[in-house]
Amino acid sequence: MHDGGSTTDQSGVPDDADTTGPVIRIASVAALGGLLFGFDSAVINGAVAAIQAEFGVDDAVLGFAVASALLGAAAGAMTAGRIADRIGRIKVMKIAATLFFLSALVTAFAPDVWVLVAGRIVGGLGVGIASVIAPAYIAETSPARIRGRLGSLQQLAIVLGIFLALLVDYVLAEIAGGAGEMLWFGLEAWRWMFLSMAIPALVYGVLASTIPESPRYLVASQQIPEARRVLTMLFGEKNLALTIGRIQESLEGEEKPSWKDLRRPAGGIYPIVWVGLFLSVFQQAVGINVIFYYSNILWEAVGFEESRSFQISVFTSVVNIATTIVAILLIDRIGRRPLLLTGSIGMTISLATMAICFGGATQVPDADGELQPQLTGASGPIALVAANLFVIFFGMSWGPVVWVLLGEMFPNRIRGAALSLAAAGQWAANWAITVSFPSLKTFSLGFAYGMYAAFALLSLLFVSRFVPETKGMSLEDMHGDTGVAKQAPAT
């Protein structure tokens, strides 16, 4: 973009309109779905051991209970885009907030592990919906020059949610003297951990009522006067007719959103849909959520006490927040591809280091007679540093950048369906990684982290070959074959 002149946002409106404040506020509210997404995903971390003791379940059932939310997330993601295209983005946000609230109640008062699983699946539906609607809405309401930064708010909200969940887990466990100990009103601390999610769920539902509907949805549903009002608020008053005309042109041929939209007229799925799906799968296949779902029992397994393990988990989440902020500052300056490539290299090295450390760990019996890895000498500190380096490289690259790309890389006419498919693929991969980890941990942590390192290396090769750069490009100029404009933007 030229330094001295105005630029054009994704709707064809000059970026120099003084609307940055409202746009940031609107994007921040939409991103709160990510906060609940992160909170719901990580809150079980501090409760894992207590749940296993409370209900007397084995590793396989425990892994399923932890991962059950991801089944709901996949289902929510598959349906969110099409529902949002029918009833609007804001109503779908309110549905997600309601599901989060219900999940908090059901999991907190679950009498057995299967009711807990049901509550987790309900919360997962909310997670899946939020994972689709937030990046789509933010991309559709953001100027191109700051779209990457605003899109990254989704990931920042996710990691803030993870931090808050782990902090709440730590505080409640400290007050009670352990996650499985009684706290208030006859409820164990781990139940209060789940119940705490009701508060941000209420806040999200209320604030979602204060932001406008997506102008893309308004134009698609023929609400042109309201679309004009929202576009004026977001981008200023210039070229409104051109803006609406470009959005209508990008929607030509769209009758009702359908999975059939993902197929090219000449046959086959648009290549950019496959790119989005594989980006989503690789984001989870590197094992990032193992750190946030199981980090407490992981660090306890290598010799740290419960209280210390909570502290390490909270510190790791703070590192994740800091590195996400770095990504927000860089993504619109250096682009999406450089961040992804750098992250893949760093993750490959740090995960390989963890694989070596845990692969050489001594197996010692715990109080129940089960063998657990014990890191000795320098292996413990090295593994701890490598784990946090892994989080750093993920947090400044694959965490936020994938969500930004998913929100902006698809053409208007297929964005809902393509984003739903990509997000569902992400949750399916997340589920596979999460449900398999307890058994992998028992088999060999070295093997588990070696597998994640292999996926990180594959992600590097994938990005270098297939992922387009979308920095500064117009949403209306994305086309289905490559996801990039036919002509590069001015530089």
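User: How do I check a helix length, taking α6 as the case: how many residues does α6 have, and what reach from first C-alpha to last?

Analyst: Start with what counts as a helix: a DSSP run of H or I with at least four residues, numbered from the N terminus. The expected span is 1.5 Å times one less than the number of residues. Here α6 has 30 residues and reaches 44 Å from its first C-alpha to its last, close to the 44 Å expected. Keep in mind that this is a predicted model, where local features need pLDDT of at least 70, side-chain atom pairs count only at pLDDT 80 or more, and totals for chains, interfaces and linings use all residues. Also, residues are numbered from 1 along each chain as its sequence is written, and side-chain values use heavy atoms, with hydrogens and water left out.

User: Where is the kink in α6 centred?

Analyst: A bend at a residue is the angle between two fitted axes, one for the seven residues ending there and one for the seven starting there. In α6 the kink is about 25 degrees and is centred on Q154. Just after α6 comes G177, with a positive phi of about 90 degrees.

User: And what does α18 look like by the same tests?

Analyst: Helix α18 (residues 415-443) has 29 residues, so it should span 42 Å at 1.5 Å a residue, and its end C-alpha atoms are 41 Å apart, which agrees. There is a bend of about 45 degrees at F437, with a proline, P438, following within four residues.

User: Back to α6: how many of its residues are buried?

Analyst: Buried means under 20% relative accessible area, exposed means over 50%, and partly exposed is in between, using a 1.4 Å probe and protein chains only. By that cut-off 21 of the 30 residues of α6 are buried, which leaves the helix mostly covered.

User: Which residues have the most contacts inside the largest nonpolar core?

Analyst: In soluble globular proteins, nonpolar side chains tend to be buried together. A nonpolar core is a set of buried Ala, Val, Leu, Ile, Met, Phe, Trp, Tyr and Cys residues joined through side-chain atoms within 4.5 Å. The largest one here has 151 residues, and L279, L351 and Y449 have the most contacts inside it. Helix α6 (residues 147-176) gives the largest share of this core, 13 residues. With contact meaning heavy atoms within 4.5 Å, L279 is in contact with L340, W398, V402, L405, M409, F462 and V467, leaving aside neighbours within four places in sequence.

User: How many aromatic pairs are there?

Analyst: Rings of Phe, Tyr and Trp (its six-membered ring) pair if their centres lie within 6.5 Å; planes under 30 degrees apart are stacked, over 60 edge-to-face, and the rest tilted. The count is 9 aromatic pairs. One of them is F278 with F462, tilted, at 5.8 Å centre to centre and 40 degrees between the planes. This pair links helix α12 (residues 271-285) to helix α19 (residues 445-466), 184 residues apart. F278 is partly exposed at 40% relative accessible area, while F462 is buried at 10%. F278, F282, F462 and F466 form one aromatic cluster.

User: What does T348 touch, not counting residues up to four places away in sequence?

Analyst: T348, in helix α15, touches A453, A456 and L457. At 16% relative accessibility T348 counts as buried. A polar atom of its side chain lies 3.2 Å from the backbone nitrogen of L457.

Note on methods: Helices (H or I, at least four residues) and strands (E, at least two) are DSSP runs, numbered from the N terminus. A polar contact is a pair of N or O atoms within 3.5 Å; within protein, one must be able to donate a hydrogen and the other to accept it, and residues adjacent in sequence count only if both atoms are side-chain atoms.
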